[in-house]
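Hi everyone, thanks for coming. Let me put the model up on the screen, and then we'll walk through its pockets.

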Amino acid sequence: MTFDLFSDQPINATTEILSEGAIVLRQFATAQGPDLLKEIKQVTAAAPLRHMKTPGGHSMSVAMSCCGSWGWVTDARGYRYQADDPCFGAPWPSMPSVFDDLAKSAAFAAGYPYFTPDACLINCYEPGAKMGLHQDKNERDFSQPIVSVSLGLPQVFQFGGLARSERAKNIPLSHGDVVVWGGPSRLRYHGVLTLKAGAHPLTGACRYNLTFRCAR
Ligand code: MD3
Ligand code: FE
């Protein structure tokens, strides 16, 4: 992989602006794919992927785990960040340095030089899994961006507006793509369409999405 002199962004990564503050860095994480996968396996061996229940009692089709100081959870009591994995009452696994380095360099490349993620949500989609339109608003400080890393099978991302009623655009995301959402785009509605079956050399029959957040 080649790097230019003034940035740690690989020069073969292309950039697309989706809207003010929302930037796609195509292929930004491809070179780190194997290392990221190795760490996903380590984290999810300690904090297993699980289908959490929404406050309404529905089981989510995406399987989730977390690492870092805070983990996002949902159950009958609501959506929130907490320091302990509810499976065990033990702290979440710490954030692997390859995760932290990647999230910070992607945020830097997108114009957010001070991003310090304290939470990483690991989403695992199998064929048939999806995530409906929602806003990410359980974090304390909306001036901090969110960094999303897609690994494995491609999946169509829905990029909406600040109102649920606004029509969402479909954006295909594939292995190695990184998206940074900040500024006026931080509270946009978003979701992902149903994952189609397939086989990826690194992840097999699934797509992982890592979202890095500053929860507190
Ligand atoms: C746009 N995950 O975990 S990441 C989620 O592919 C989530 O697993 C999806 O939405 C996934 O909450 C999409 C992209 C994403 C994340 C946060 C955003 C897009 C966003 C915040 C504001 C606007
Ligand atoms: Fe989200």
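So, which residues lie nearest the centre of the largest pocket? They are Met131, Gly132, His134, Asp136 and His190, out of 40 residues that line the largest pocket. By pocket I mean an open set of points on a 1 Å grid over the protein atoms alone, where a 1.4 Å probe fits, with protein on both sides within 12 Å along at least five of seven lines; lining residues have an atom within 4 Å of a point.

Quick housekeeping: this is a predicted model, where local features need pLDDT of at least 70 and side-chain atom pairs count only at pLDDT 80 or more, while totals for chains, interfaces and linings use all residues. Residues are numbered from 1 along each chain as its sequence is written, chains are lettered from A and ligands numbered from 1 in the order written, and side-chain values use heavy atoms, with hydrogens and water left out.

Back to that pocket: its volume is about 800 Å³, and ligand 1 takes up its space.

Who's around the ligand? There are 19 residues (a heavy atom within 4 Å), and Asn123, Tyr125, Trp181, His190 and Arg207 come nearest. An oxygen of ligand 1 is 2.9 Å from a side-chain N or O atom of Asn123, and for His190 there's a ligand oxygen at 3.0 Å from such an atom. The protein covers 98% of the 510 Å² of accessible area ligand 1 has on its own (Shrake-Rupley method, 1.4 Å probe).

Finally, the second largest pocket holds about 160 Å³ of space, and its lining includes Leu153, Pro172 and Lys196.

Terms used: Polar contact = N/O pair within 3.5 Å; in protein donor to acceptor, adjacent residues only side chain to side chain. Sits in = over half its atoms within 2 Å of the grid points. Points joined across faces, edges and corners; volume = space filled by probe spheres on them.
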